[in-house]
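Here is a short report for a reader who is new to this structure. Please look over the sequence and the model first.

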Amino acid sequence: MVVSSVERVGLDQLDASLNPFQSQFWAKAKRASGWIAFAFRFSHAPSEAVESSSTVILVLVRRMIFSTKLAYVPFGPDTSAYRADASSLVREFSRLVRPLLPKGTAFIRFDLPWGARDSEEVLSVEGKGLRVCRESVQPEGTARIDLSEGYDAVRLRYRERARRNIRKTGAKSIRIERWLGDEQTFNTWYNVYLETAKRDGFTARSSSYIKNILTLDIPDVRPFLYVATLGQTMLGGAIVLESQKVAVYLYGASLRVDGTSPSYLLQDHAIAQACERGCLIYDFYGISGPRQRGSHLEGLRLFKRAFRGYVCYRAPTFDYVYKRLPRFLYAWVEQVRYKSHRRR
């Protein structure tokens, strides 16, 4: 007999060491976008005779329309922490957590964590109540670097493309510095970010949203903005989140001046800083997924794989449906929005 339970706990019980998106920091960051954060301890054992495994899972909830709401689990739960099939585990959690979610929650959406390194095999999630989304919220693939041997060992493994670009930009006296909070530097970087979004076709986050992330003071995750300048000209910058063991490249922006882009130099600097602070993994956060999913991210693969490392993939975004009609309408509107954005 399967033995499972879900109980609400404090956000401070979240373990961000290997997953900055399952953290008290990320819970507070998403409040600026209208999300309400909950943390739940999920315990599961395949039988009464076996000791249960448990983790704490961050669930974000936001209002859709009228009194209906959607719940969302970013990069969770970590199904490898349990001795159970992923589909049955997610369905069990969804069933048990429903009475603890705000009234009117129509479905709960999941983006599972990354799978095994250098394997295109991802978990297959299927069964009653589960619906795979046409488009994923989070990328389905990522490039990562093992930092455990230190920065010097990591840099020796860079591909020639990365080394060549780092030499080229380094010779032009481009400075990489950490942003220390002054308004003018942030605003200048944000304008570069808007130009990059327009050029590359992604939706820019608001300045207030990004500044909120950069100024949060929550100990489980630390945000850093590194900016690149040439003389008095801002060339770009990169935002990196660091937990105890993982550094994640979250947002970036860059301009080309005299044929020079600071992107490679910025990443090299961020990797060096992550090594210095004891991180074990540097996550470039986003390349195209397996079987041509997320093909709009294919252009990032060449850049991010220039630093070598390895790739990881995960299952597409999926929902566990409590109320079918609100979920159907939300998915339809969502698909129209995605198509409109791609055409633009």
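Predicted model: local features only at pLDDT ≥ 70, side-chain atom pairs only at ≥ 80, totals over all residues.

Which residue in β11 is the bridge partner of Gly237? The partner is Ala253.

**Around β10 and β11**

β10 and β11 pair in the antiparallel sense, over seven bridges. Together they form a hairpin, with three residues between the two strands. Gly237 also has a partner in the other direction of the text: Val227 is bridged to Gly237 of β10. This link belongs to the pairing of β9 (residues 222-230) with β10 (residues 233-242). Those two strands run antiparallel and are joined by nine bridges.

β11 pairs with β12 as well, here in the parallel sense and over three bridges. Ala247 has Tyr282 of β12 as its bridge partner. Is β11 buried or exposed? Nine of its nine residues are buried, so β11 is largely enclosed by the rest of the structure.

In general, the strands of a sheet pair through backbone hydrogen bonds, either parallel or antiparallel.

**The sheet that holds them**

These strands belong to an open sheet of seven, in the order β8-β9-β10-β11-β12-β7-β13. Its pairing is mixed. β8 (175-178) and β13 (310-313) stand at the edges with a single partner strand each, so one side of each has no neighbour in the sheet. Direction ignored, neighbouring strands are turned by 30° against each other on average.

Helix α7 (residues 263-276) lies across β7 (141-146), β8, β9, β10, β11 (246-254) and β12 (281-283). The helix runs at about 35° to β10.

**The other seven-strand sheet**

Another open sheet has seven strands in the order β1-β2-β3-β4-β5-β14-β6, again with mixed pairing. Its edge strands are β1 (3-9) and β6 (130-132), and each pairs on one side only. The twist from one strand to the next averages 30°.

Within this sheet, β4 (residues 69-74) pairs with β5 (residues 105-111) in the parallel sense, over six bridges. Tyr72 has Arg109 of β5 as its bridge partner. Helix α2 (residues 86-97) packs on the sheet and touches β1, β2 (36-45), β3, β5, β6 and β14 (318-321). The direction of α2 makes about 125° with that of β2.

| Strand pair | Sense | Bridges |
|---|---|---|
| β9 and β10 | antiparallel | nine bridges |
| β10 and β11 | antiparallel | seven bridges |
| β11 and β12 | parallel | three bridges |
| β4 and β5 | parallel | six bridges |

**Nonpolar cores**

Which residues touch the most other members of the largest nonpolar core? They are Trp26, Trp189, Ile210, Ile213 and Leu250, in a core of 50 residues. Take Ile213. Leaving aside its neighbours within four places in sequence, Ile213 is in contact with Phe25, Trp26, Ala29, Pro223, Leu241, Leu250 and Tyr251. Another core, of 30 residues, lies apart from the largest one. Its members include Tyr158, Leu235, Leu266 and Cys279.

**A pocket**

The second largest pocket has a volume of about 850 Å³. How many residues line it? The lining has 37 residues. Leu18, Asn19, Asp78, Pro113 and Trp114 lie nearest the centre of the pocket. Several strands take part: β3 (53-63), β11, β12 and β13 each supply at least two residues of the lining.

Key:
Residues numbered from 1 in each chain as written. Heavy atoms only, no water. Pairing = 2+ DSSP bridges. Helix = DSSP H or I, 4+ residues; strand = E, 2+ residues; numbered from the N terminus. Axes fitted to C-alpha atoms, helices over the stretch in contact; angles between N-to-C directions. Contact = heavy atoms within 4.5 Å. Core = buried A, V, L, I, M, F, W, Y, C linked by side-chain atoms within 4.5 Å. Buried < 20%, exposed > 50% of the residue type's maximum accessible area, 1.4 Å probe, protein only. 1 Å grid on protein atoms, 1.4 Å probe; cavity = no way out; pocket = protein on both sides within 12 Å on 5 of 7 lines; lining within 4 Å. Points joined across faces, edges and corners; volume = space filled by probe spheres on them.
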